[in-house]
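Below are some notes for a colleague who is about to look through this model. Please read them with the sequence and the coordinates open.

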Amino acid sequence: MRRPTLPGLPTFAALMLAAMIAVWLGVAGPVELAKIKGWQTLIAAFVAAAGIYFAARNVSRQIRITILSREEGRIEKQLPGLYDAQNLCDSIVPRLRPIRAFFGVVSAVNALGLGGTPKSFEDDVEALLPVTDAATRRSVTSALFEMYSRAITAQGSRVLQTELETQSARREEWEPSDYAKVRADIAALSRMLIAQGNDFQRALDRIERESAAIARKIDVNERRSARIRREIETFFEDEE
């Protein structure tokens, strides 16, 4: 349905002139036509001012629509990358959260397409998130690499603990003092694994927070895009 619009400049000026004359006649009574010539300059100035106002208003609206269109384009370009980043975070946590023993946890991360040195890890995330904006990708990379580092540390402790337990399986083959020492090392590794397991879970918590932050960013952009689209459509309806 067509929206109601304001009258154009000629109509607006004519209406204002008629209103001014009506007010004058009501206050001062009939006026000689010759005296109206004195108003010509004032009327011309008023019409010019009205013209400047409407021209500036139209230019201002056009500038605003241009800015809004650019912002809409930026949002449309950014949203797909945000969706990818959120999906990546959401796909990792459920797969790794149940891990407790840490056997094969590094392989599980590698299977997701992630792993290696800090530089290769960064490249891996970039390959998984090719259209994600740089700031979001850096933040996701940091959270994922912290999780990966915790996984490597915990798996190393678990492997060492398993080796020591295997070596000390036959107590009779050990000197009492050496055996006591290796059992103390195993106990220390057990305590260390508990702490490292907690660190790993906190790293997964960070990935979940990262996903939540991305979700909020997506929501803001989607709502902003909807408002921008409504304003742009209203502008072009008024132009018809």
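The numbered points below go from the overall fold to individual residues.

1. The coordinates come from a predicted model, and every value in this note should be read with that in mind. The protein chain has seven helices and zero strands, and, read along the sequence, its pattern is α-α-α-α-α-α-α.

2. As for the chain as a whole, buried residues account for 29% of the 240 residues. The accessible surface of the protein chain amounts to about 15200 Å², and carbon and sulfur atoms contribute 59% of that area. Among contacts in the protein chain with a separation of 6 or more, 78% are between residues 24 or more positions apart.

3. How many salt bridges does the structure hold? There are 12 salt bridges in the structure, and three of them are taken up in the points that follow: Glu146 with Arg206, Arg150 with Asp199, and Glu173 with Arg170.

4. Glu146 and Arg206 form a salt bridge in which the closest N and O atoms are 2.6 Å apart. Because Glu146 lies in helix 6 (residues 134-167) while Arg206 belongs to helix 7 (residues 176-239), this pair ties together parts that are 60 residues apart in sequence. Glu146 is partly exposed, with a relative accessibility of 24%, and Arg206 is likewise classed as partly exposed, at a relative accessible area of 24%.

5. Arg150 forms a salt bridge with Asp199, where the closest N and O atoms are 3.8 Å apart. A value of 3.8 Å falls inside the cut-off, which asks for a side-chain nitrogen of Lys or Arg within 4 Å of a carboxyl oxygen of Asp or Glu. Arg150 lies in helix 6 and Asp199 in helix 7, so this pair ties together parts that are 49 residues apart in sequence. Arg150 is partly exposed, its relative accessible area being 32%.

6. Glu173 forms a salt bridge with Arg170, with the closest N and O atoms 3.4 Å apart. Are these two residues buried or exposed? Glu173 is exposed, with a relative accessible area of 53%, and Arg170 is exposed as well, at 52%.

7. Gln78 is located in helix 3 (residues 40-96) and is buried, with a relative accessible area of 16%. Which residues does Gln78 touch, leaving aside residues up to four places away in sequence? On that basis, Gln78 touches Asp133 and Asn221. With Asn221 there is also a polar contact, made between the side chains of Gln78 and Asn221 at 3.3 Å.

8. Ala215 is found in helix 7 and counts as partly exposed, at 28% relative accessibility. The C-alpha atoms of Ala215 and Ala85 are separated by 9.6 Å, although these residues are 130 residues apart along the chain.

Notes
Residues numbered from 1 in each chain as written. Predicted model: local features only at pLDDT ≥ 70, side-chain atom pairs only at ≥ 80, totals over all residues. Heavy atoms only, no water. Helix = DSSP H or I, 4+ residues; strand = E, 2+ residues; numbered from the N terminus. Buried < 20%, exposed > 50% of the residue type's maximum accessible area, 1.4 Å probe, protein only. Contact = heavy atoms within 4.5 Å. Areas by Shrake-Rupley, 256 points an atom, 1.4 Å probe, with all protein chains shown as cover. Polar contact = N/O pair within 3.5 Å; in protein donor to acceptor, adjacent residues only side chain to side chain.
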